Structures are given as C-alpha cells and as structure tokens.
Amino acid sequence: MIEISSVSASYGKHQALDGVSLNVGRGELVVILGANGAGKTTLLKVIGGLVPALSGRVVMAGNDITAMPAHAIVEAGVALVPEGRGIFGEMTVRENLLLGAFPARARAGEARNLDLVLGLFPRLKERLAQTVRTMSGGEQQMVAIGRALMTSPDILLLDEPSLGLSPIMCKELFQILARIRDAGLGILLVEQNAKQSLKIADRGYLIESGRIVGEGAGAALKADPAVQRDYLGAG
Ligand SMILES: Nc1ncnc2c1ncn2[C@@H]1O[C@H](COP(=O)(O)OP(=O)(O)O)[C@@H](O)[C@H]1O
Ligand SMILES: [Mg+2]
C-alpha cells in the first residue's frame, strides 16, 4: 500500500538517509529497528512530509506523495505519531482526539472513529474530560495514537511509542497495535525495543547509518543470531 523507493535525505552536508526502500501492505505491521542516530525518525518525517526527500519516491496507494505538504499526506491516509507524541497537554483527552478529526477525509467518520478509539482504549473513555498533561506516559501515548486514528488513516507511522513506558504498559501498547493491524490498517513502527516489537511484527527492516542493512519476517529476524547480538541484547 505504501512504497518507499530509494529515498535519500540530508541535513545540510549530513546525509541521514541513503537510498532507503521498503514497503508496507494493508493489514501488515512492519517494524524498523535501528540504533540511535540510524535515521529512523528522519525516514518517518520524509514519509510524513516534514523533511524533504532529496531523491527517491514515496507512493501511497498509487499516488505519489513525495513532494506533498504534510496536511495533504494526512488526507492521502498517512498518520504520523511523532516521537514525544505531539499532543496538547493543556487540552482534554476529548479535545485532543477531536483535533484528529479535522482533515476532510475524517470529518464524516468522526463519531465512528471516536467509538473505535474508545473501544481500543477503554481507559481514555473514563478520562475524556481529563487534562492530558496530568496523565501517565502510557496514557498520553494512547491519546497520541487515538488522535492519529481519528484522521481515518490507512497507514499509521509510529516513532518509538514504547520510549519511557513501563514493561507492562509497553506490552499492552504493542498488543493494541496488533489489534489495529488486525482491523486492516498498515503500521510502520520504528523501535529500539526489538524484543517486544518483533513479537507482533509481520516483517522487519534493520537500518544502520541511513541504509537498510537487513530485512525479513518478524520471526526470522528474532531468530537471527546477528539480530540477537545487535538488537536483542538488552531487550
Ligand atoms: N534537525 C537535524 N539537523 C541536523 N542533523 C540531524 C537533525 N535531525 C537528525 N539529524 C542527524 O541525522 C541522523 C539521523 O537522525 P534520526 O533520524 O533522528 O535518527 P534516529 O531516529 O534513528 O535516532 C543523526 O546523525 C542525527 O544526528
Ligand atoms: Mg528517532
């Protein structure tokens, strides 16, 4: 459904991505594993239209979205949950979620999407009137994912959603991502938590210094000795 072909990106002279190609299908959960500085965030920002691609293409459901502005990429069905969540701490859970329904593609489905989000995250249902700033890290991550789902995406991009969460919260989060995938969305998940993310991933890619250096089925990557040495050591 989304196809990234030979994408490169730079910050000034520093090349952060060098010919990255990958794809995510409908109903598929794909994880990108890589150390700090490998280019994971940059890749999601290029897909989301927040960093320009120097070369290469991003094609979503047959439409070239490479040079589109970020809001048009959301309208094309791509939702980014950024690192650090990008939610509004002084607003309530309900206000944050409803902001997600702003894109034209999402307005008609607002009530249905809100039902879907509150079904996935019952904890948010009890706390619709709570100010987001006063919630735990895990709950705030739920609000961020909920807001992205309110845009009616076909594909969800997540930048290290497990960062800073307790092991239990992290497990719960990944189980919910698996349910979102089972509902038919494509998910591109960037993670340093290899152990948990490979448990739910259909496929994965390894990224190092801006290049894809490996790929495979989730289970195959988990069993690969090199992956275990480089990515599963601490997990
Ligand atoms: N705004 C920026 N300006 C300059 N260099 C950046 C910027 N953002 C990231 N970089 C550099 O680009 C490389 C990739 O960063 P990033 O995509 O954030 O990696 P990751 O998310 O895998 O940790 C790193 O070397 C980082 O220092
Ligand atoms: Mg990052």
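What radius of gyration would a compact globule with 235 residues have, and what does the protein have?

**Figure 1. Overall dimensions of the predicted model.** A compact globule with 235 residues would have a radius of gyration near 18 Å, and the 17 Å of the protein agrees with this. The radius is taken over C-alpha atoms, and the globule rule is 2.2 Å times the number of residues to the power 0.38. Along the principal axes, the C-alpha trace spans about 45 × 40 × 30 Å. This is a predicted model, in which local features need pLDDT of at least 70, side-chain atom pairs count only at pLDDT 80 or more, and totals for chains, interfaces and linings use all residues. Residues are numbered from 1 along each chain as its sequence is written, while chains are lettered from A and ligands numbered from 1 in the order in which they are written.

**Figure 2. The shell around ligand 1**. Among the residues around the ligand are Tyr-11, His-14, Lys-40 and Thr-41 (C-beta atom, placed from the backbone, within 6 Å). Two or more residues each come from β2 (14–24) and α1 (40–48), and α1 gives the most, with three. Helices (H or I, at least four residues) and strands (E, at least two) are DSSP runs, numbered from the N terminus.

**Figure 3. The contact between domain 1 and domain 2**. Domain 1 comprises 1–77 + 154–163 + 184–235, and domain 2 comprises 85–153; these bounds come from an automatic or database domain assignment. Eight residues of domain 1 are in contact with seven of domain 2 (C-beta atoms, placed from the backbone, within 7 Å). On the domain 1 side, α2 (70–75) and β7 (155–159) each supply at least two residues.

Terms used
Contact = placed C-beta atoms within 7 Å.
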